[in-house]
Structures are given as C-alpha cells and as structure tokens.
Amino acid sequence: MKKLPVPPEADGDRVDSFLRRYLPELPGKAVQAAFNRRDVKLDGKRVPKDARISAGQELQIFYSDIPEVDPLSVVYEDDDVLLVNKAAGISVEPDSGGGISLTELCLRHVRLLNPESQPPAACHRLDNQTCGLLLFAKNPRSRDILEDVFRRRTLDKRYTCLVRGTMKPPEATCKAYLVKHAREGRVSVFDHEVPGSRLILTAYRTLSQEGQLSRLEVHLITGRTHQIRAHMAALGHPLLGDDLYGDRAFNRQMKAQGKLMLCASSLCLDTQGRLPALDGVTFTIPCPF
C-alpha cells in the first residue's frame, strides 16, 4: 500500500492523473487493476479514477502483486551532491509531457531525511529518452562549483550507444558544425561553418559489432544540444531507436521504436580541489541495453 498526501500543486487533479505523476514506478496496468478492485481510497473512501482531489487530502492505493520500486536510483550522495542513474522516459524538469520529473524525485528523496532541504539543482541535462548519470547540486556553493566545471568542461563524460552499421574507421574524433533550431526542438549538423553554427567535436570508439549494429563509447569533447544523436546521424550511423534524427524504418525492423539506445555511462570530474570527494573519481553504471 502507498499513502500519498496531496500537495497544493495537485489541487483539482483527477485521481488517475495524480497516481501516474507521483507513482511512476507502478505500471499503468497495476494502477488500473487497483481501480478495478476498488482499492484506491481518498481520505479512507473508495473513489473512481475520474474523482477530483484537493490539497491536504490523502490518497491510498493498495496493491500486492507489484514489488516496491524506488524510481530514483542513487549512485553517490554526500552533503554537496546527488548523483543519480536517470531512467529513460523521465524528464529532468517538469514539462508538457506530464509525469513526475527527476528534479521532483530528487527533492522528495532529500526531504525524506531533512524536510528543510533546499531543492537539488540539475547541473546538466539529458534528453527524456536518454538514460544514465545525472548530477545534482544540493546547495548554492556546490551548484556554483559544478556549473563552473561544466562550463569549463573540466570533466570527462562518456556515453554508450548502439548505432546502425559498421564504423569506418572503428575509432575517430569527428569535427562538424551544429545549428540549433529552438522552435522546432532539433538541430542541424554541417561539415562546414554556416551562419549561426557552433563547432562540435565528437570522439568515438567501437566496443563491439552486434549484427547490423555497432556498440560505441562516445566522448563529448564539446557538449551541444542533441550532439551525439545529430552528429552520428550526419555520419550515416544514426542511433538505434532515434526517430528524430534516425532511421524510422530500421527502428521498426529492430523493434526499437521510441527506445533510444543512448546511455550516459561514465562521469569523472575535476573541481580543482573545491569538492575534493569528487575529484578524479570515475563513476560508472552498467548500460541497460
């Protein structure tokens, strides 16, 4: 059973929308089954899924066949930082797609121990469908330090991805120019400088050949919006599962529609002694694909 107090920002929401947002760890079929069994209660009274909730009420959902899952996977934490393994399909900040954001999950995590904790601030971004390591600052001092680290790029960040085809050569550093189209939510990549473009440098090495796919380790020497996705597509090797820059027919053939095979799998920082517990430590996670 889960007990969920209704916060002010959820006032007026439908019960089913609230559960999807605040219990992302539960499969939708488990939530529907709970409604079918009349195992969802508001202030102790059974309610249908379209009932409206008010701030200050308490919602209860009963389930027995679904294990307790923590949607926030913490890799490392101290008084200054929170490093988490972001799951694919969750946005870093609240957006129009709905659902609870990673920032909200981190806030819920830190306030379980200290209700007066400041909201953790994301120091960089990952796309909704990209999984992997994401770093949050827990106080203004660490936020300033980490923003400086990412701005100066005194860090080593590596990604693992699956791309279509065989890389020739198997290892290289590639140079191109990227133009961001903010309104369209995408970028364009050119092999020469054009008005409004910014230099991008992407290094890759082939880890393995897997049939029609290559597994790569990618090192972002520059860090631009959608750099890996757009640059690899421009090289003729789109990421598996990328329907924005990639090959939709190939994604369907490989049964990977909407499943972007991109993971931020390694992170090492140099804060120049300002956060000594982090300096020179390489954090890694296993790639889920």
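A residue is partly exposed when its relative accessible area lies between the buried range, under 20%, and the exposed range, over 50%. In this predicted model, Asp43 has a relative accessible area of 45%, so Asp43 is partly exposed. Asp43 sits in the loop between β2 (40-42) and β3 (45-46). Its phi is positive, about 50°, although Asp43 is not a glycine.

Lys255 is another residue other than glycine with a positive phi, near 55°. Lys255 belongs to the loop between α6 (248-253) and β14 (262-269). Its relative accessibility is 71%, so Lys255 counts as exposed. A further backbone feature is the cis peptide bond between Lys168 and Pro169, with omega about 0°. Pro169 is in the loop between β9 (155-164) and β10 (171-181). Most residues other than glycine have a negative phi, and most peptide bonds are trans.

## The aromatic pair

One aromatic pair is found in a search of the whole structure. The ring centres of Tyr76 and Phe283 are 5.3 Å apart and the planes stand at 45°, so the pair is tilted. Tyr76 is in strand β5 (residues 73-77) and Phe283 in strand β15 (residues 282-284), so placed that the pair links parts of the chain 207 residues apart.

The two partners are also described by their accessibility. Tyr76 is partly exposed, with a relative accessible area of 23%. Phe283 has a relative accessibility of 12% and counts as buried.

## Cavities and nonpolar cores

Two cavities of 30 Å³ or more are present in the structure. The volume of the largest cavity is about 40 Å³. Its lining consists of Tyr76, Val81, Leu83, Leu135, Leu267, Leu269, Leu278 and Phe283. Two or more lining residues come from each of β6 (81-86) and β14. Both members of the aromatic pair, Tyr76 and Phe283, are thus among the lining residues.

The largest nonpolar core has 49 residues, and within this core Val15, Leu19 and Val40 touch the most other members. Another core lies apart from it and holds 19 residues, including Cys123, Leu133, Leu269 and Ile285. Leu269, a member of the 19-residue core, also lines the largest cavity.

## Surroundings of Lys138

Lys138 occupies the loop between β8 (131-137) and α4 (140-152). The side chains of Lys138 and Glu77 are joined by a polar contact of 2.9 Å. Beyond neighbours within four places in sequence, Lys138 is in contact with Glu77, Asp78, Asp79, Asp80, Val81, Leu82, Val110 and Gln118. Val81 is one of these contacts and also one of the residues lining the largest cavity.

Lys138 and Asp16 are 122 residues apart along the chain, and their C-alpha atoms are separated by 32 Å.

## Surroundings of Asn251

Asn251 is placed in helix α6. With a relative accessibility of 1%, Asn251 counts as buried. Its side chain makes a polar contact of 2.8 Å with the side chain of Asp243.

Not counting residues up to four places away in sequence, Asn251 touches Leu239, Leu240, Gly241, Asp242, Asp243, Ala256 and Gln257.

How values were computed
Residues numbered from 1 in each chain as written. Predicted model: local features only at pLDDT ≥ 70, side-chain atom pairs only at ≥ 80, totals over all residues. Heavy atoms only, no water. Phe/Tyr/Trp six-rings, centres within 6.5 Å; stacked < 30°, edge-to-face > 60°. Helix = DSSP H or I, 4+ residues; strand = E, 2+ residues; numbered from the N terminus. Buried < 20%, exposed > 50% of the residue type's maximum accessible area, 1.4 Å probe, protein only. Contact = heavy atoms within 4.5 Å. Polar contact = N/O pair within 3.5 Å; in protein donor to acceptor, adjacent residues only side chain to side chain. Core = buried A, V, L, I, M, F, W, Y, C linked by side-chain atoms within 4.5 Å. 1 Å grid on protein atoms, 1.4 Å probe; cavity = no way out; pocket = protein on both sides within 12 Å on 5 of 7 lines; lining within 4 Å. Points joined across faces, edges and corners; volume = space filled by probe spheres on them.
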